[in-house]
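Welcome! Here is a short tour for anyone meeting this structure for the first time. Take a look at the view below, and then we will walk through it topic by topic.

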Amino acid sequence: MSADATDSFLNASPAPAPLSSQDLTIVVPVRDDPLIYRCLASIDLACPVIVSTNGSPDWFLKGLTMYAKSAAHVTVLSTSESGIGLAYNHAIAQAVTPLVLLMDSDCTFEPGAIAAMLAEASFGLVKGRVRFETAGRGSRLVAAARRLTEDPLVTKKANAYSPPLLYSTNIVEKMGGHHFNTAMKWREDRDFELRRRKSNVPVRLVPQAVIWHKPLSVRDDLKSVRAYGAGQAHGEFLKVLPAMSLRHELSKACKVAWRGVQRGEYGAGVYAAFRTLLVVASRGAVLGRRRGAK
């Protein structure tokens, strides 16, 4: 989650008409993550759910199909191509409700989180919070570092990165007319967020709407960070994302390290700063390989 969002806790004038759970479809993209069943079990509101697979193996699709037969509210969509943006778009196109809530397969909803977001749906674009489970020293470090960079209660900035993100599907008419760029394998929500800002579409933060991400080891976390950098490079190559400012990223690394010091979380601050710099390095490596291939 980027810390350079310029608007914080923005509100809009809500529409008067109340919205119910039948106005909402929960969308969960997945490839072959077995935690999808834990995610689905955490949904505590009666509403349609679309599991959108992308590039999934046959054995995984078979299991999901069997699950959906016993869960009438769950629909499984499948595409042979990979990509979260593609999976999102496929599901949103099939949704018949005016609202969608984007979720990840390796996360679970805290009880009441969905209802809390739905209660604010008239604002148009609603964001909850991600917290990280822990299972050892490494995952505690990752959780603390992610809190320093991604928790809006810490950063004091709300944005439209997913998950959990609930929004009215017609809102994209103000944001270039499309939901997610299907050419983006990573950082598709970065493009979504930048289009949102450019269009001055406000975000409604719901702090009590919490989802829990599975524990992440340092190794797995850094793997994701390198993918973010590669996704940034790919986005720049496609001219979907603006070029990353090295000065801005260095400033961001210093700020997050200082935030850790202020909160007495020194190790987490240093690690969070390192994560920021690793995105820069990963992006530079990918761009360097592209230039060398020309």
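Let us start with two neighbouring strands: E2 (residues 49–54) and E3 run parallel and are joined by 6 bridges. Helices (H or I, at least four residues) and strands (E, at least two) are DSSP runs, numbered from the N terminus, and two strands pair if DSSP finds at least two bridges between them. The model is a predicted one, in which local features need pLDDT of at least 70 and side-chain atom pairs count only at pLDDT 80 or more, while totals for chains, interfaces and linings use all residues. Residues are numbered from 1 along each chain as its sequence is written, and side-chain values use heavy atoms, with hydrogens and water left out.

**The sheet**

- Val-49 has Val-74 as its bridge partner in E3.
- E2 and E3 belong to an open sheet of 8 strands with mixed pairing, in the order E3-E2-E1-E4-E7-E6-E8-E5.
- At the edges are E3 (74–79) and E5 (107–109), each of which pairs on one side only.
- On average, neighbouring strands of this sheet are turned by 30° against each other, direction ignored; axes are lines fitted to C-alpha atoms, for helices over the stretch in contact, and angles run from 0 to 180 degrees between N-to-C directions.
- Helix H2 (residues 58–69) lies across E1 (24–30), E2 and E3, and runs at about 155° to E3.

**A residue on the edge strand**

- Val-76 lies in E3 and counts as partly exposed at 25% relative accessibility; buried means under 20% relative accessible area, exposed over 50%, and partly exposed in between (1.4 Å probe, protein chains only).
- Leaving aside neighbours within four places in sequence, Val-76 is in contact with Val-51, Thr-53, Leu-64 and Ala-68, where contact means heavy atoms within 4.5 Å.
- From Val-76 to Leu-45 there are 31 residues in sequence and 18 Å in space, C-alpha to C-alpha.

**Enclosed elements**

- Strand E6 (residues 125–132) is largely enclosed by the rest of the structure, because 6 of its 8 residues are buried.
- E6 pairs with E7 (residues 165–168) in the antiparallel sense over 3 bridges, and the bridge partner of Lys-127 in E7 is Leu-165.
- E6 also pairs with E8 (residues 204–213), here in the parallel sense over 6 bridges; Phe-132 has His-213 as its bridge partner in E8.
- Helix H7 (residues 188–198) has 9 of its 11 residues buried, so H7 too is largely enclosed by the rest of the structure.
- Among the buried residues of H7 are Glu-188, Asp-189, Arg-190 and Phe-192, and the buried residues of H7 pack against helix H3 (84–94), E6 and E7.

**Helices side by side**

- Helix H9 (residues 246–262) packs with helix H10 (residues 266–293) at an angle of about 165°, their axes 6 Å apart.
- That makes H9 roughly antiparallel to H10, since angles under 35 degrees count as roughly parallel, over 145 as roughly antiparallel, 65 to 115 as roughly perpendicular and the rest as oblique.
- The contact of H9 with H10 is made up of 11 nonpolar, 3 polar and 3 charged residues; Ala, Val, Leu, Ile, Met, Phe, Trp, Tyr, Cys and Pro count as nonpolar, Asp, Glu, Lys and Arg as charged, and the others, Gly among them, as polar.
- Helix H8 (residues 218–237) and H10 pack at an angle of about 45°, with axes 7 Å apart, and are therefore oblique to each other.
- By class, 13 nonpolar, 4 polar and 6 charged residues form the contact of H8 with H10.

**Backbone details**

- Most residues other than glycine have a negative phi, and most peptide bonds are trans.
- The bond from Ser-162 to Pro-163 is cis, with omega near -10°, and the bond from Pro-163 to Pro-164 is cis, with omega near -20°.
- Lys-156 lies in the loop between H6 and E7, has a positive phi near 65° and is exposed, with a relative accessible area of 51%.
- Lys-239, in the loop between H8 and H9, has a positive phi near 65° and counts as exposed at 74% relative accessibility.
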